[in-house]
Amino acid sequence: MTLSLRVAIVGAGPAGIYAGNILSRQVAEVGGEVAIDLFESLPAPYGLIRYGVAPDHPRIKGIVNSLHEMLDAGTIRLIGNVEVGRDITVDELRERYDAVVFATGALRDAPLDIPGIELPGSFGAADVVAWYDGHPDVPREWPLEAESIAVIGNGNVALDVARVLAKHPRDLLTTDVPANVVEGLEASPVTDVHVFGRRGPGHVKFTPIELRELGEVPDVDVIVYDDDFERAANDPHAEALFASNNQVKVMTRTLNGWRKPADHEYTASRRLHLHFLHAPVEVLGDGRVEGVRFERTRPVGDGSVEGTGEFVDVPVQAVYRAVGYASSPVAGVPFDERAAVIPNEGGRVTDAAGAAIPGVYATGWIKRGPVGLIGHTKGDALETVTNLLADAAAGSLPEPIVDSAEGDEVFELLEARGIRFTTWAGWLELDAHERGLGEAWEPAVAAHAGIVRERVKVVARDEQVEISRDGALALS
């Protein structure tokens, strides 16, 4: 019997798009048919690639081009501006599709449970990233009032936040950064951004390209401290990593290249400081952030650190915690609050008793937590899709009870509820509109003359929806 499936994927970021692409290819290889609907809560696709990565990452363009090709192939139907669990329930999806795959990612900040973390002037990195990426559901204004800023974390998100906050706005204008973000950054009085990590320089969670980018930011000096390197010396675990991992070798050499004599004169108007072996213990301030207290740490030798009992207070006026992301629950799907994932076995979603729920799957960060890069996301999708197709071959997928063979019934349901959904054709219109804004951009100040903008991102949700729907009358 020929395989014939209808599958809903929830989340149009890389995890969801990769899952759809792998599913369509594998079904085609066995001569079957599959109709895939990709539901997205935002009007535009690409998820964290559009709204969770700093706009000045040049390699992101290549990832977007790849995702665009997958959606433009016509085998996956995008249904945007629809929040599953609110605009359409999980049960309603299960009534219409043979399988539902959740790929909703991780958009919340992981907590940092220390005294004072809730003081005004203390922020989560995910929130400021959403702001400078033009996410439609965050405020257009951001309180950039601090001269000195602390960023707590030693991963790529911490570096992204620190780099964008330290960077002069004119050096972001070649990206798709929204106009309101440029205006906010122009008014920032920042002179110093400090990045703090609990472990030593040999255990950073950056990747080499993100680290090297720091040294290429115009008029921003990168400062590291000999004391941190001396405290981290003779750590057998770090030495073993250096000997076995080429990325660690590259980053260690980069960091050591930034070490300067004590009397070195820094000349840039802004400074980005990298501190190691600092564990945050309290955010200080009377009514708002005035500093952060850290305990100095030392390597134990197994990759972990321990406190030394030595405390230092660093005066800052703003704190950004970048200690990780966490996923959010979807109404109607089991959720592990502690691990912040949908419980699953190999992508098969499980109930409270650990039994697989027929026809319900997960992939990406909502499946395994917010770790790993794009390659891990592809591997996740392959595992989930392989198990989905094994279940289909075994006849264990539940049969849809709503006749939607022609594919339009879900559109009719959304229209009847007044949901102004968007489509792939609509995204192509919004994409063209944003590129047109870039072509028409004229600098407001002479210092920005000669800068060419590829696009200017539209921020407001209603505006995105209007452009998408007005420009794409036919359903894709």
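Reply: Buried means under 20% relative accessible area, exposed over 50%, partly exposed in between, with a 1.4 Å probe and protein chains only. Helices (H or I, at least four residues) and strands (E, at least two) are DSSP runs, numbered from the N terminus. This is a predicted model: local features need pLDDT of at least 70, side-chain atom pairs count only at pLDDT 80 or more, and totals for chains, interfaces and linings use all residues. Residues are numbered from 1 along each chain as its sequence is written, and side-chain values use heavy atoms, leaving out hydrogens and water.

Me: What makes S8 and S14 partners of S7?

Reply: Two strands pair if DSSP finds at least two bridges between them. S7 has 5 bridges to S8 (residues 192-196), running parallel. Ile 149 is bridged to Val 193 there. With S14 (residues 318-321) S7 has 4 bridges, also parallel. Val 151 has Tyr 320 as its bridge partner in S14.

Me: Why is helix H5 called largely enclosed?

Reply: 7 of the 8 residues of H5 (residues 125-132) are buried, so the helix is largely enclosed by the rest of the structure. Among the buried ones are Trp 131 and Tyr 132. Gly 134 follows H5, with a positive phi near 75°.

Me: What makes up the lining of the second largest pocket?

Reply: The lining holds 9 nonpolar, 5 polar and 11 charged residues. Ala, Val, Leu, Ile, Met, Phe, Trp, Tyr, Cys and Pro count as nonpolar, Asp, Glu, Lys and Arg as charged, and the others, Gly among them, as polar. H3 gives the largest share, 5 residues.

Me: Why is the protein chain called as compact as a globular protein of its length?

Reply: The chain has 16 helices and 18 strands. Its radius of gyration is 24 Å, close to the 23 Å from the globule rule for 476 residues, so it is as compact as a globular protein of that length. That radius is taken over C-alpha atoms, and the rule is 2.2 Å times the number of residues to the power 0.38. Buried residues make up 54% of the 476.
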